[in-house]
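Thanks for asking me to look this one over. Here are my notes, point by point, to read alongside the structure.

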Amino acid sequence: MSDVTTKTILEVSGLTVSFERATGSTTVVNDVSFEVTSGEIVTLLGPSGCGKTTTLRTIAGLEKPSSGRIMIGDRHVVDVEAGLFIPPQQRHLGMVFQSYAIWPHMNVIENVAYALEGRGLSKADMKAQAMRALEI
């Protein structure tokens, strides 16, 4: 029997994202909550325009939510009520955008490994981690 314990690595609570437009406010993510534990693979699934990408962009710090909290590991990165917003470069996340040609001058492995640059890893370690991610 295994003594594997699960640890919450991402917690999203009450996430709402609204955008102000000339015609008024548009809510694109409304009160979303979920958690991801170590070892889990999670997919956001829904029709076009339901807020999947906005949710991911908000977790990465590329969008600011209207309300809610986000924790990465044991660290709060967003708490709208408390006025906390950690910028993207301090969240230590990588995000691969929907475009099929992220960096057209790089191959697939280089595109995946790009998120690891700036972490002080050797090129061999970055390639190995990218390969593991692609295998999953």
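1. Let's begin with Ile-59. In this predicted model, leaving aside residues up to four places away in sequence, Ile-59 touches Leu-10, Val-12, Phe-34, Ile-70, Ile-72, Arg-91 and Leu-93.

2. Ile-59 also belongs to the largest nonpolar core, a set of 12 residues. Its other members include Leu-10, Val-12, Ile-70 and Ile-72, along with Leu-15, Val-17, Val-29 and Val-36. At least two residues of this core come from each of β1, β2, β3 (67-72) and β4 (75-79). With four residues, β1 is the element that gives the most to the core.

3. Now for the open space. The largest pocket holds about 1400 Å³ and has a lining of 29 residues. If you want to find its centre on screen, look for Leu-56, Leu-93, Gly-94, Met-95 and Val-96, the lining residues that lie nearest to it.

4. Which elements each supply at least two residues of that lining? They are β1 (8-21), β2 (24-37), α1 (52-60) and α3 (123-135). The largest share, five residues, is from α3. By class, the lining of the largest pocket has 22 nonpolar residues, four polar and three charged.

5. Please have a look at the second largest pocket too, with about 440 Å³ of space. Its lining numbers 20 residues, and Leu-93, Gly-94, Met-95, Tyr-114 and Ala-115 are the ones nearest the centre. Here the lining divides into 12 nonpolar, five polar and three charged residues.

How values were computed: Residues numbered from 1 in each chain as written. Predicted model: local features only at pLDDT ≥ 70, side-chain atom pairs only at ≥ 80, totals over all residues. Heavy atoms only, no water. 1 Å grid on protein atoms, 1.4 Å probe; cavity = no way out; pocket = protein on both sides within 12 Å on 5 of 7 lines; lining within 4 Å. Points joined across faces, edges and corners; volume = space filled by probe spheres on them. Nonpolar A, V, L, I, M, F, W, Y, C, P; charged D, E, K, R; others polar. Core = buried A, V, L, I, M, F, W, Y, C linked by side-chain atoms within 4.5 Å. Buried < 20%, exposed > 50% of the residue type's maximum accessible area, 1.4 Å probe, protein only. Contact = heavy atoms within 4.5 Å.
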